[in-house]
Amino acid sequence: MRAEPKGVRSNLLQELFWTRTGLLLLTLVVISGTCLAISSPMEPGGMRSFLTTVGTSTLISAVVGFWQTLLTSTAARRSLVEPVVEESRKALHELTAEYRALDREFFPSHVFEPTARPDPAFNQVMMQDLERTRLYAFRGFAGRYAACRLLLSQTECELRAVLADPRDEDAISGRARYLLRHEGADGDYDTIVARLREQIHVGLVGLFLARGRCSRIDLTIVSDPPLDRMELFDDSVWLTLYSNAGADVVRLYPRSLRFTEGSFIYGMERAEFLRISNSKAGLHVVITPSTTRADFLALFEKITGTWIGDDGFRALEAKFHSFRKEFAATAQLGS
């Protein structure tokens, strides 16, 4: 929005010739020129003297009126117009600053529409936020993507993650219904639930493999995780809207929004994440760089209720690395 008023003419000549005063001065000049032109070829006499007198006096009146109008316009502009223009400019600057503050407070800095495959632009911007952060907070379903991002990043941070409880059917049903809408009439609910439970297992193994990239990994396993995925960094928060059930076309990767630090959404999501991650209702697990495979297998059984042993661990590890390579290739993040 411009702070310059378009309706005010800044040129003094425009002030003269785009008003009734300017039209009057032009009329006087035309009358004067006409009288002098007519009297010039005439013989000396009363008529010539009359026309010469009228033309000369009219020209003098036009010249005097021109300068009088010029001086009056200058004084009027300085005393009336310029203060109004300055106040208007100041008010518009303040209004623009207020709109920008509202934009930062309530509107996303980036919007990524639903896609069938990982969006390279989405992932590259998020990786830039990850490279600058000290705390990576993840609230999602399986944690596979968080583990991949940690392994693909060049920084070290603290990870706090809220994941779905694989033993609770209600914790899986929300994501299963979303995927069932995506697969259409050919989708089978029980098959999707089994696949989602395996994704949680793969995500847990991936987080264990990424423990060397983190000073500490705090996991909170909850039975009622919010359907939307949230990824919070020091200077931004990302929301992936799996709850957008009213979308015309359901994509595997739904609409995502990025909000900057200091926005209302950032503060609200951070407070909600801390409430969930500190809740006594969830199962809390800590993984550190010193956590051994034997320790992790015991934690895995505590979380999932399933003992996998070394063979099961190697099978899940292979599935995670396969997923990581596919994700890195489609998102153009390198390997």
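This is a predicted model: local features need pLDDT of at least 70, side-chain atom pairs count only at pLDDT 80 or more; totals for chains, interfaces and linings use all residues.
Visitor: Hi! Which strands make up the sheet, and in what order?

Guide: Hello! Eight strands form an open sheet, and the order is β1-β7-β6-β5-β2-β3-β4-β8, with mixed pairing.

Visitor: Which strands sit at the edges?

Guide: Those are β1 (110-112) and β8, each of which pairs on one side only.

Visitor: And what is the average twist from one strand to the next?

Guide: The twist averages 10 degrees between one strand and the next.

Visitor: Let's start at β1. How many bridges does β1 have with β7?

Guide: Three bridges, with β1 and β7 (residues 256-260) paired in the antiparallel sense. In that pairing, H110 stands opposite R258 in β7.

Visitor: Which helices pack on the sheet?

Guide: Helix α4 (residues 120-132) is one of them: α4 touches β1, β2 (135-139), β3 (157-164), β5 (229-232), β6 and β7, and its direction makes about 145 degrees with that of β6. Helix α5 (residues 144-152) packs there too, touching β2, β3, β4 and β5, with its direction at about 160 degrees to that of β2.

Visitor: Now β5, please. Which way do the residues of β5 point, and are they buried or exposed?

Guide: R229 and E231 point one way, M230 and L232 point the other way, and all are buried.

Visitor: How does β5 pair with β2?

Guide: The two strands run antiparallel and are joined by three bridges. The bridge partner of R139 is M230 in β5.

Visitor: What about β5 with β6?

Guide: Antiparallel as well, over four bridges. R229 has T240 in β6 as its bridge partner, and a hairpin of three residues joins β5 to β6.

Visitor: I was looking at S236. Where is S236 found?

Guide: S236 is found in β6, which covers residues 236-240.

Visitor: Buried or exposed?

Guide: S236 is buried, with a relative accessible area of 0%.

Visitor: Which side chains does the S236 side chain make polar contacts with?

Guide: With D129, the side-chain polar contact is 2.7 Å. With the side chain of W238, the polar contact is 3.4 Å.

Visitor: And what else does S236 touch?

Guide: Leaving out residues up to four places away in sequence, S236 touches D129, E231, R258, F259, T260, E261 and Y266.

Visitor: Changing topic: what is the span of α9?

Guide: Helix α9 (residues 293-304) has twelve residues and reaches 16 Å from its first C-alpha to its last, close to the 16 Å expected at 1.5 Å a residue.

Visitor: Which residues of α9 are buried?

Guide: They are F296, L297, L299, F300, I303 and T304. Viewed down the axis of α9, these buried residues fall within an arc of 165 degrees, so they line one face of the helix.

Visitor: What covers the buried residues of α9?

Guide: The cover includes α7 (189-209), β4 (214-222), β8 (283-287) and α10 (309-330).

Visitor: And what comes just after α9?

Guide: G305 does, and it takes a positive phi of about 80 degrees.

Visitor: Last one: where does T27 lie, and how accessible is T27?

Guide: T27 lies in helix α2 (residues 20-39) and counts as partly exposed at 36% relative accessibility. T27 and T58 are 31 residues apart in sequence, with 9.6 Å between their C-alpha atoms.

Conventions: Residues are numbered from 1 along each chain as its sequence is written. Side-chain values use heavy atoms; hydrogens and water are left out. The expected span of a helix is 1.5 Å times one less than its number of residues. Buried means under 20% relative accessible area, exposed over 50%, partly exposed in between (1.4 Å probe, protein chains only). The arc is that of the directions from the helix axis to the C-beta atoms. Contact means heavy atoms within 4.5 Å. A polar contact is a pair of N or O atoms within 3.5 Å; within protein, one must be able to donate a hydrogen and the other to accept it, and residues adjacent in sequence count only if both atoms are side-chain atoms. Two strands pair if DSSP finds at least two bridges between them. Axes are lines fitted to C-alpha atoms, for helices over the stretch in contact, and angles run from 0 to 180 degrees between N-to-C directions.
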